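Please examine the structure shown below before reading the report. The text is intended to be followed with the model in view.

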Amino acid sequence: MAVEGFEPRIVGFLCRWCSYTGADLAGTSRMRYPANLVGIRVMCSGRVDPTFVVKALAEGADGVLIAGCHPGDCHYSEGNFKAMRRYPMLMYLLDQFGIESGRVRLEWVSASEGEQFAALVREFTEQVRALGPLNWKERAESLCESV
Amino acid sequence: MAKPKVAFYWCASCGGCEETVVDLAEGILKVVDAVDIALWPVALDFKLKDVQAWKPGDVAVAFINGAVRLSEQAEWVRLLREKCSMVVAFGSCAHLGGIPGLANCTTREEILANKYHRAVTLDNPDNTEPQVHATVNGYDLDLPVFWKDVKPLDQVIDVDYYLPGCPPPTKLVAEAIGAILKGELPPKGSVLAPEKSLCESCALNKTKPETITIKTFKRVATSTPNPEECFLAQGYICMGPATRTGCGERCIHGNMPCRGCFGPTPSAVDIGTKMLSALGSLGEADTEKAAQAFAGTMADPLGTFYRFCLPASLLKRRVP
């Protein structure tokens, strides 16, 4: 549920070859986009263990972005296909836990797509803002006996 | 010299862990030769006041099985922690929450409503529900508090060691008791089982092809695995890659894929996300649409991955 004055905290796992470079291009081109996303560079979107995503959400993130090379362009040939296969399974699992699917996105951003990256972060930030804070720890604890 | 004393206690438990001690069969004679059993509700008639009378350290080890969901269970395990020098979390429920841990998919309110108001077979015209205090015919009656969630033992008391498994195999139990009596234990907090994954010791491992590719997931509910080929390679979700070994692969020998009762290996921080990661790598799908369809052939990832360890997982519970 949308909350007044809520600034989403979004963790972004960006692949070193395409997406992080694309984000970097947005920066050097002085494009303005929300500071809500914290970018973490990984070598490949296929390196993103679903554990990272779940850990981020469990420990305070309101949203997670995984960004990689377009299919066919992966520096390691197949890494982004692994990410592609893991993503719908992860969404299925998160849905069972009660985490809205709008909070985790997998997108393809190439090294030259600085503008697209900025637009993506703008759009995703608003998407998560509308969902409201996840506050997983507090909400889970409220359904647990305090001992 | 007096024999060391041990205690067994059970919380939210099915009784299978008591069975496994009984299943030591003749091996139990060696145990009773070496120790005095000072508490074992399923088999011996010691009372709460007997335990309250112990001095701290009187009893060397308490083997506690079952998850904790009732205030009474919490009182007992805290008492045993105070009186016993060592506490071993015995079995999946005490270790990780076990099957009762799946109750963390719902809420206390839903459970009570289903049990006492909605069940089709109920005859409860006055809509009564158990109360913590009630007076009936002039007598004051107390029931334990039913907690909001299920907890593994170490979320309630300090635990020295864990004996994993549903139930722990008799061999592991006998080894653990032997190690405790000899004082030859690993660092406190250790799980008393090897650190490798099930695949390392599974007889079907050698049948694994170079690359495993899964087109659709198969389920034992709707088809029978081939007992001579790696189950994962056949498309069944076998938790072996992410699960600690030490069980002797009793499920595999029964033509059932591993369900993960020993819990994650030390390097698998969260068993579910690790398995998900592996299954994603093994799937055969090269478009987003195919990946979506592939995921759709999986039934109930939460229940499949976290069958034994939901309360100990990263997310801990479902939040409806």
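## Basis of the report

The structure is a predicted model. The values given here are therefore computed from that prediction, and local features are described where pLDDT is at least 70.

## Overall form of chain A

Chain A contains 5 helices and 4 strands. Along the sequence, these elements follow the pattern β-α-β-α-β-α-β-α-α. The C-alpha atoms of chain A fill a box of roughly 50 × 35 × 20 Å along the principal axes.

Of the 147 residues in chain A, 49% are buried. Among the contacts in chain A with a separation of 6 or more, 81% are made by residues 24 or more positions apart.

## The sheet of chain A

The 4 strands of the sheet in chain A form an open arrangement in the order β2-β1-β3-β4, with parallel pairing.

Strand β1 (residues 10–15) of chain A runs parallel to β2(A) and is joined to it by 6 bridges. In this pair, A:Ile10 stands opposite A:Leu37 of β2(A). Strand β3 (residues 63–68) of chain A pairs with β4(A) in the parallel sense over 5 bridges, and A:Ile66 stands opposite A:Leu106 in β4(A).

Is strand β4 (residues 104–108) of chain A largely enclosed or left open by the rest of the structure? In β4(A), 4 of the 5 residues are buried, so this strand is largely enclosed by the rest of the structure.

## Helices across the sheet of chain A

Helix α2 (residues 50–58) of chain A lies across β1, β3 and β4 of chain A and runs at about 155 degrees to β3(A). Helix α3 (residues 79–97) of chain A lies across β3 and β4 of chain A, at about 160 degrees to β4(A).

## Sheet and domains of chain B

In chain B, 5 strands form an open sheet in the order β2-β1-β3-β5-β9, and the pairing is parallel. The edge strands are β2 (36–39) and β9 (161–163) of chain B, each of which pairs on one side only. From one strand to the next, the twist averages 30 degrees. Strand β1 (residues 5–10) of chain B pairs with strand β3 (residues 59–65) of chain B over 5 bridges in the parallel sense; the bridge partner of B:Phe8 in β3(B) is B:Phe63. Helix α4 (residues 71–83) of chain B lies across β1, β3 and β5 (84–90) of chain B and runs at about 135 degrees to β5(B).

Chain B is divided into domain 1 (5–99 + 148–182), domain 2 (113–146) and domain 3 (198–312). The C-alpha centres of domain 1 and domain 3 of chain B lie 31 Å apart. In the contact between them, 16 residues of domain 1 of chain B meet 13 residues of domain 3 of chain B. The elements α5 (92–96), β8 and α7 (170–182) of chain B each give two or more residues to the domain 1 side of this contact. That side divides into 8 nonpolar, 5 polar and 3 charged residues.

## The contact between the chains

The contact takes 34 residues from chain B and 26 residues from chain A. On the side of chain B that touches chain A, β8 (146–151), α10 (271–282), α11 (288–296) and α12 (301–305) of chain B each supply at least two residues. Helix α10(B) gives the most to this side, with 8 residues. The residues of this side of chain B comprise 17 nonpolar, 8 polar and 9 charged.

## Details of the backbone

Most residues other than glycine have a negative phi, and most peptide bonds are trans. A cis peptide bond joins B:Cys166 and B:Pro167, with omega about -10 degrees. B:Pro167 is placed in the loop between β9 and α7 of chain B.A:Ser77 has a positive phi, near 70 degrees, and is found in the loop between β3 and α3 of chain A. A:Ser77 is exposed, with 11 other C-beta atoms within 10 Å. B:Lys316 also has a positive phi, near 75 degrees, and lies in the segment after α12 of chain B. B:Lys316 counts as buried, with 23 C-beta neighbours inside 10 Å.

Technical notes: Residues are numbered from 1 along each chain as its sequence is written. Chains are lettered from A and ligands numbered from 1 in the order in which they are written. This is a predicted model: local features need pLDDT of at least 70, side-chain atom pairs count only at pLDDT 80 or more; totals for chains, interfaces and linings use all residues. Two strands pair if DSSP finds at least two bridges between them. Axes are lines fitted to C-alpha atoms, for helices over the stretch in contact, and angles run from 0 to 180 degrees between N-to-C directions. Two residues are in contact if their C-beta atoms, placed from the backbone, lie within 7 Å. Ala, Val, Leu, Ile, Met, Phe, Trp, Tyr, Cys and Pro count as nonpolar, Asp, Glu, Lys and Arg as charged, and the others, Gly among them, as polar. A residue is buried if 20 or more other C-beta atoms lie within 10 Å of its own, exposed if 12 or fewer, and partly exposed in between; C-beta atoms are placed from the backbone. Domain bounds come from an automatic or database domain assignment.
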